[in-house]
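Please keep the sequence and the structure in view while reading.

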Amino acid sequence: MAASAKIVTLDNHTCNGEWTIVLPRRGKQRRNFPKTRTSEAQQQPWVPTDLESDPNRQTKLIEKMQICMKKVENSQFYTNLLEQVRTPEIMDCFHRVLGSESKMQMVIYGIGSIESYETPRIQLSIAILMRKEFSWIGDIEVFDPVLSATESRVLEALGCYVLSVNEHGRRRVTKPTLFYMPHCEAELYDNLLQANWGVEPLNQIVLFGNSFDVYQYLSEFRNSTLVDSSRHIVAVREFTHEYVIKICSNDYFAAFHDSSWHFFSPVLETELQLFKKM
């Protein structure tokens, strides 16, 4: 099925709610998540370079996140995003990916430093608020090699699990999974697709990230580096439904410009055979 890119125009609506965040105690064990099927050869153990978390920085960052989430929750951008997800066309796509499962795990790659920059805080706020809004979004796992110990503890306080392994995007799915990857490098998207280059895994993935139409356009310039890092992105467009995120304010342009929801629907393995040896 040919790729499609769509913008949904939405009605006005606002959401209100108070946030109470409790930092985890020192020494508290992390929640046990099922092990993922990423090849051990492709995993790299990771720990923050600053092994000690700073309580004062934690408190300040929690305050920043609370302010950011409140701002985002009451924004027209977030209203539009919720309404877009709730349209019958997109909800049908989510339900198809969920199948008989009741929850869809969320994996966040490349979020950046939430302590240093507003854009990553906005992106993280959207992810956390969506989990609050939609009961079918399950646990959230997060990874970015730039995260500090302080940021990791704050992410855990926000209900996320920080991965201790750098998967380089090569998470092989065994269940419905939403990959939340706004403005990641092309190589990271390509790694994810390559690791799941099959009918069954691709049909279990929802990807929120850069529009694949952009990569198709850029690949036509025959830049060898870009072609090598986006070959699966270009190939998967043949059976991708893409829904463009509408930006209604400059406040959210840096965080989400050229972003889309992507749903993949290959039917036959023969559709993928040509690219398996890439």
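Ile114 sits in the loop that runs between strand 3 (104-109) and helix 4, in what is a predicted model. With a relative accessible area of 0%, Ile114 is buried, a classification that follows because buried means under 20% relative accessible area. Leaving out residues up to four places away in sequence, Ile114 touches Leu61, Pro120, Arg121, Leu124, Glu151 and Leu155. The C-alpha atom of Ile114 is separated by 8.1 Å from that of Leu147, a residue 33 places away along the chain.

Two of the residues touched by Ile114, Glu151 and Leu155, are also listed among the buried residues of helix 5. Helix 5 (residues 149-157) has 8 of its 9 residues buried, so it is largely enclosed by the rest of the structure. The buried residues are Ala149, Thr150, Glu151, Ser152, Arg153, Val154, Leu155 and Ala157, and they pack against helix 1 (55-73), helix 4, strand 4 (137-143) and strand 5 (160-162). Just after helix 5, Gly159 adopts a positive phi of about 90°.

Val47 belongs to the loop between strand 2 (44-45) and helix 1, and, with a relative accessible area of 57%, Val47 is exposed.

Gln105 is part of strand 3 and is buried, with a relative accessible area of 10%. Gln204, by contrast in location, is placed in the loop between helix 7 (199-202) and strand 8 (205-210), and is buried with a relative accessible area of 14%. Apart from neighbours within four places in sequence, Gln204 is in contact with Val97, Val173, Thr174, Lys175, Pro176 and Thr177. The pairs discussed so far, together with those formed by the two glutamines, are collected below.

| Residue pair | Separation in sequence | C-alpha to C-alpha distance |
|---|---|---|
| Ile114 and Leu147 | 33 residues | 8.1 Å |
| Gln105 and Asp139 | 34 residues | 5.3 Å |
| Gln204 and Ser265 | 61 residues | 9.1 Å |

Backbone geometry is a further topic. Most residues other than glycine have a negative phi. His183 counts as partly exposed, at 28% relative accessibility. Asp258, likewise not a glycine, has a positive phi of about 60°; its position is in the loop between helix 11 (253-256) and strand 10 (259-264), where Asp258 is partly exposed with a relative accessible area of 48%.

How do the axes of helix 2 and helix 3 cross, and within what distance do they come? The axes of helix 2 (residues 76-86) and helix 3 (residues 88-98) come within 5 Å and cross at roughly 65°, and the two helices are therefore roughly perpendicular to each other. On the side of helix 2 the contact is made by Gln84, Val85 and Arg86, and on the side of helix 3 by Pro88, Ile90, Met91 and Phe94. By residue class, this contact between helix 2 and helix 3 divides into 5 nonpolar, 1 polar and 1 charged.

The largest nonpolar core has 80 residues, and those with the most contacts inside it are Met130 and Trp261. Helix 4 (residues 118-133) provides the largest share of this core, namely 7 residues. Not counting residues up to four places away in sequence, Met130 touches Tyr78, Leu81, Met106, Ile137, Tyr180 and Trp261.

For the protein chain as a whole, there are 12 helices and 10 strands, and buried residues make up 53% of its 278 residues. Among contacts between residues at least 6 apart in sequence, 81% join residues at least 24 apart. The chain exposes about 13,600 Å², of which carbon and sulfur atoms supply 50%.

Notes. Residues numbered from 1 in each chain as written. Predicted model: local features only at pLDDT ≥ 70, side-chain atom pairs only at ≥ 80, totals over all residues. Heavy atoms only, no water. Axes fitted to C-alpha atoms, helices over the stretch in contact; angles between N-to-C directions. Helix = DSSP H or I, 4+ residues; strand = E, 2+ residues; numbered from the N terminus. Parallel < 35°, antiparallel > 145°, perpendicular 65-115°, else oblique. Contact = heavy atoms within 4.5 Å. Nonpolar A, V, L, I, M, F, W, Y, C, P; charged D, E, K, R; others polar. Core = buried A, V, L, I, M, F, W, Y, C linked by side-chain atoms within 4.5 Å. Buried < 20%, exposed > 50% of the residue type's maximum accessible area, 1.4 Å probe, protein only. Areas by Shrake-Rupley, 256 points an atom, 1.4 Å probe, with all protein chains shown as cover.
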